[in-house]
Amino acid sequence: MEQIKRFLRGKGFALALLACLVAAGAAGVWAVRAVRNELEKSYEELTRPEASSAPQAAVPDTDLKVEDEPWQDVTEAANSVAGVPKAESGAASSGSSSGAVSGAGSVREPSALQGSSVPASSSAAPACAQPVTGRVLNACSGDELVYNKTLGDWRTHNGVDYACAQDAAVSAPVNGKVTAVETDGRWGGVVSIEDGEGRVWRVCGTADVQVKAGDTVSTGQTLGRAGNIPNECTEETHVHLEVLEGDKYLDPAKLIG
């Protein structure tokens, strides 16, 4: 009986050992499978197209090398453009002025237009200036009546009074021809100048006149010196300037600008 118990004990131990071995083997198989699955998963990730495209990001070196060629093309294009003026200059020398040639022709056209317009503008609007250097003492009133302190009445003021020092130099306000040099009982010494537009500029209050009728004068040329104006003698020393276009008085300040 004791032997049977021992045998069963020994067999139980063997069965337990066998069970342990079987369990260990199963665990080993599971571990092997787990490792294999992980390896297969890693291999699949490595072999995916996305993974294979990642190394492509390091290819900029080759792209940089490829870009060298377009720069050569640009240089050649610049050289070809640089040669265009030679062809244009040849076309210009041959007398061709077609507007379809290039921008160079259009650059020359504005300068030609400017050159042609200068004489027209200069002849249409001769240079004008004040007869003396000084402030405006009394402006042209047009049709409005203003008080004349010397005469003590209200009347139009048909010119502009420019203040100046006594005996200051009086100059021609415009290019033109002297049509009259006279002494007027109201305006003192008067020099009349007709400009290229047919307007008559009357410089009143001019003494010691240095020009005569028929002379051609230019803007700024000395006519004489500042004298007296009987109609406005209570005012400080000044020169009275009038401009007549036919029988109509114009505002000299608007013409001088």
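The side chains of Asp195 and Arg199 meet in a salt bridge, with N and O 2.9 Å apart; a salt bridge is here a side-chain nitrogen of Lys or Arg within 4 Å of a carboxyl oxygen of Asp or Glu. The model is a predicted one, in which local features need pLDDT of at least 70 and side-chain atom pairs count only at pLDDT 80 or more, whereas totals for chains, interfaces and linings use all residues. Residues are numbered from 1 along each chain as its sequence is written, and side-chain values use heavy atoms, with hydrogens and water left out.

**Salt bridges**

The structure holds ten salt bridges. Asp195 is buried at 5% relative accessibility, and Arg199 is buried at 13%. The accessibility classes are buried (under 20% relative accessible area), exposed (over 50%) and partly exposed (in between), for a 1.4 Å probe and protein chains only.

Glu242 and Arg202 also meet in a salt bridge. Helices (H or I, at least four residues) and strands (E, at least two) are DSSP runs numbered from the N terminus.

Asp208 forms a salt bridge with Arg225. This pair links distant parts of the chain too: Asp208 is in the loop between β9 (206–207) and β10 (216–217), and Arg225 is in strand β11 (residues 222–226), 17 residues apart. Arg225 counts as partly exposed, at 27% relative accessibility. Asp167, Asp208 and Arg225 are linked in a network of salt bridges.

| Salt bridge | N to O distance |
|---|---|
| Asp195 and Arg199 | 2.9 Å |
| Glu242 and Arg202 | 3.0 Å |
| Asp208 and Arg225 | 2.1 Å |

**Ala180 and its surroundings**

Ala180 lies in strand β6 (residues 176–184) and is partly exposed, with a relative accessible area of 23%. Not counting residues up to four places away in sequence, Ala180 touches Val190, Val191, Ser192 and Ala213, where contact means heavy atoms within 4.5 Å. The C-alpha atoms of Ala180 and Asp215 are separated by 9.7 Å, the two residues being 35 apart along the chain.

**Surface patch and pocket**

Tyr147, in strand β2 (residues 145–148), is partly exposed at 45% relative accessibility. Leu145, Tyr147 and Trp154 form a nonpolar patch on the surface, with about 380 Å² of accessible area together. Patches consist of residues with over 30% relative accessible area and no salt bridge, like charges being joined within 9 Å and nonpolar side chains (Val, Leu, Ile, Met, Phe, Trp, Tyr) within 5 Å. Accessible areas come from the Shrake-Rupley method with a 1.4 Å probe; for residues, only the protein chains shown count as cover.

The largest pocket holds about 350 Å³ of space. Of its 23 lining residues, Asn148, Thr156, His157, Trp187 and Glu232 are the closest to its centre. Strand β2 gives the most to this lining, with three residues. On a 1 Å grid over the protein atoms alone, a pocket is an open set of points where a 1.4 Å probe fits, with protein on both sides within 12 Å along at least five of seven lines; lining residues have an atom within 4 Å of a point. Grid points are joined across faces, edges and corners, and a volume is the space filled by probe spheres set on the points.

**Whole chain**

The chain contains six helices and 13 strands. Of its 257 residues, 23% count as buried.
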